[in-house]
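This report covers two local features of one protein model. The structure is shown first, and the notes follow.

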Amino acid sequence: MALGFCAGGAFAADGWAHYGASLAGDRYHAPSEITVESVRGLVSAWTYRTGDTADGRDFDGNPSRFVATPILVGNRLVVSTPFNRVVALDPATGSELWTFDPGVDFSRPYSEMFTSRGVAAWRGPAGDGPCRERVFLGTLDARLIALDADTGLPCADFGKRGSVDLSSGIRLYYKWDYSLTSPTTVVGDLVVVGSSIGDNGRAELQPGVVRAYDVRTGAQVWAFDPIPRSPDHPGIATWAKGERTRTGAANVWSVISADAERDMVFLPTTSPSPDFYGGERLGDNAFANSVVALRASTGEFLWGHQTVRHDLWDLDIASQPLLFSHTDAAGNSRPAVAQATKMGFVFVLDRETGESLHPVEERAVPASDIPGERAAPTQPFAKLRLIATDARPLPRWSVSDEHRAGCDALLAGVRYEGIFTPPSIEGSLLFPGNDGGANWGSMAYDPGARIGYVAVNRIPTIVKLIPRKEFRAARRGRTLNGNPAEFAEQGGTPYGMARTELLFDDFPCLEGPWSTLAALDLDRGEVLWDRPVGEIGWRDLGPVAGNWGHFIRGGPMVTEGGVVFLATPYDHTLRAHDGATGEVLWSTVLPAGAHATPMGYRHAGTDYVVVTAGGRLTGGGRRGDHVLAFRLQSGKDAAP
């Protein structure tokens, strides 16, 4: 049976209607006959090539990034490409039904070049006429476009000839620095939109306002800025300058979840600008780095729960909030939100109040030694922690004498006092790193087994603050402690910034595991199992390192039958795990590395799993433009 719709914009439950499968962001494929017993019968169904790849030579060194997860819209599988094109495919055969090209200007690089994680969809009631089913695309050049799901043509009644200009009303808008890279969230008759902002360029930056638009007309219905711009903002007491603050960002670049029944949306907000120096934004900085609940129909603030105070580490909330039903030890259930973070902490909150359902410990954390900076004296440590982050010497690892010497040079004089060690002039080690913990791949949840699943990275980063008068000369070198580094101006502050991952010659300097798939009991706040996933594949590093996994970008999905799928980039593999134990039950090698989250659906009685494979996000790996579908082998497919 193909995916159907219900009136009022909601979708039936027998497909993958949203980026996270449902508005709850559970990445749960049901109904499904893919079980721990049947999964070995998965076979290739079809492959589609988008043709959208770039190796960076024509785009200022930026290679293409195919990171999208498709959705099922009626009898169409719809996916966005790195070039912001939208493609609709036949879900059974992969044949192309229509394409749409928004004509994004790629004459200069965007801060999030070639990033498009997917699209959203809506269906109106019977009798709505043309564009009754709509696909919503957000673009790198800040447009929200509504397409007719039948034809792929823009809906003429939406905005101006099918498009809304998201730059309208945005203070300090800069075309190449303000984008929409994740799918929107459609709840009722509203499409809710965040933004992606290059937040290290300067302190005074575009605001991270979240807005809702009418799905039919494109008219703006409400707007919410996580940073206070007026005296009545709920977070104003946590900002030293109150509404006079000039900082920006605190945007939502990840995916917004929704509870349509309770008329609520849940925003995962990011750090305020700039990421690594907060002297221009003193205070705890609520409601940046927070889960924020708003009334979906009006944008009214309901509650906010801050996971990091006065962020100095780029610890954005990158994962989509997961909505689930929490059951306590006495058997009482209540609606809840689980938020995985880059720190490796998972906060479990009451959905209606934001109250924590598991203990959260306030711990003293290291102070900053940077003039003008005041780090928060304590930070919240959730009960459910996926990574050991206590202050201690981190276990070193090396593959050769040369590698050991290179890692020694990287770490020479670097400050490390555990998680939340503030950035410093001599350089500070951030562990698990601003790309560590749980990232935009987000969590999956099996409501039958009551288990959550999440991919966890350990990618330490070295960050160095550079006094303004020294920054220009330092940037010309393009290295930090001998490693290639990213430099950011952090204009309007006394310090520029340089950062580099703790790798030498592409090899980690710390012991693994470097990536794992973890299973979580969200009711009790416990880790059930944690298994390394992925292989390095560069050379033979011995049996230990070979079992430490390697960094993952996308996240897991889970089937009704208890099978967890996760794709890995460096070894180009899609794996199916037993949700109860983590054991690998089935795997297949992909034509390129996968940085996206898989999805699943049932069509004409057959279960499918689909993943996009786009290659490495940096040079050196095979680039891909593949949409790959696998189906559960039926009896008629079996050999005689």
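In which strand is the place of Arg-211? The residue belongs to strand β15, which covers residues 210-214. The model is a predicted one.

Arg-211 is buried and forms no salt bridge. Its nearest side chain of opposite charge is that of Asp-165, 7.5 Å away, whereas a salt bridge requires a side-chain nitrogen of Lys or Arg within 4 Å of a carboxyl oxygen of Asp or Glu.

## Polar and other contacts of Arg-211

Two backbone oxygens are polar partners of the Arg-211 side chain. The backbone oxygen of Leu-166 lies 2.7 Å from a polar atom of this side chain. For the backbone oxygen of Ser-168, the distance to a polar atom of the Arg-211 side chain is 3.2 Å.

Leaving aside residues up to four places away in sequence, Arg-211 touches Leu-166, Ser-168, Ile-170, Tyr-178, Val-191, Val-192, Val-193, Gln-220, Trp-222 and Ala-223.

## A four-stranded sheet

Elsewhere in the model, four strands make up an open sheet with antiparallel pairing, in the order β2-β45-β44-β43. Its edge strands are β2 (42-49) and β43 (599-603), each of which pairs on one side only. On average, neighbouring strands of this sheet are turned by 25° against each other, direction ignored.

## The pairing of β2 with β45

How many bridges join β2 to strand β45? There are seven, and the two strands run antiparallel, with β45 spanning residues 626-632. Trp-46 has Ala-629 in β45 as its bridge partner.

Technical notes: Residues are numbered from 1 along each chain as its sequence is written. This is a predicted model: local features need pLDDT of at least 70, side-chain atom pairs count only at pLDDT 80 or more; totals for chains, interfaces and linings use all residues. Side-chain values use heavy atoms; hydrogens and water are left out. Buried means under 20% relative accessible area, exposed over 50%, partly exposed in between (1.4 Å probe, protein chains only). Lys and Arg count as positive and Asp and Glu as negative; His and the chain ends are not counted. A polar contact is a pair of N or O atoms within 3.5 Å; within protein, one must be able to donate a hydrogen and the other to accept it, and residues adjacent in sequence count only if both atoms are side-chain atoms. Contact means heavy atoms within 4.5 Å. Two strands pair if DSSP finds at least two bridges between them. Axes are lines fitted to C-alpha atoms, for helices over the stretch in contact, and angles run from 0 to 180 degrees between N-to-C directions.
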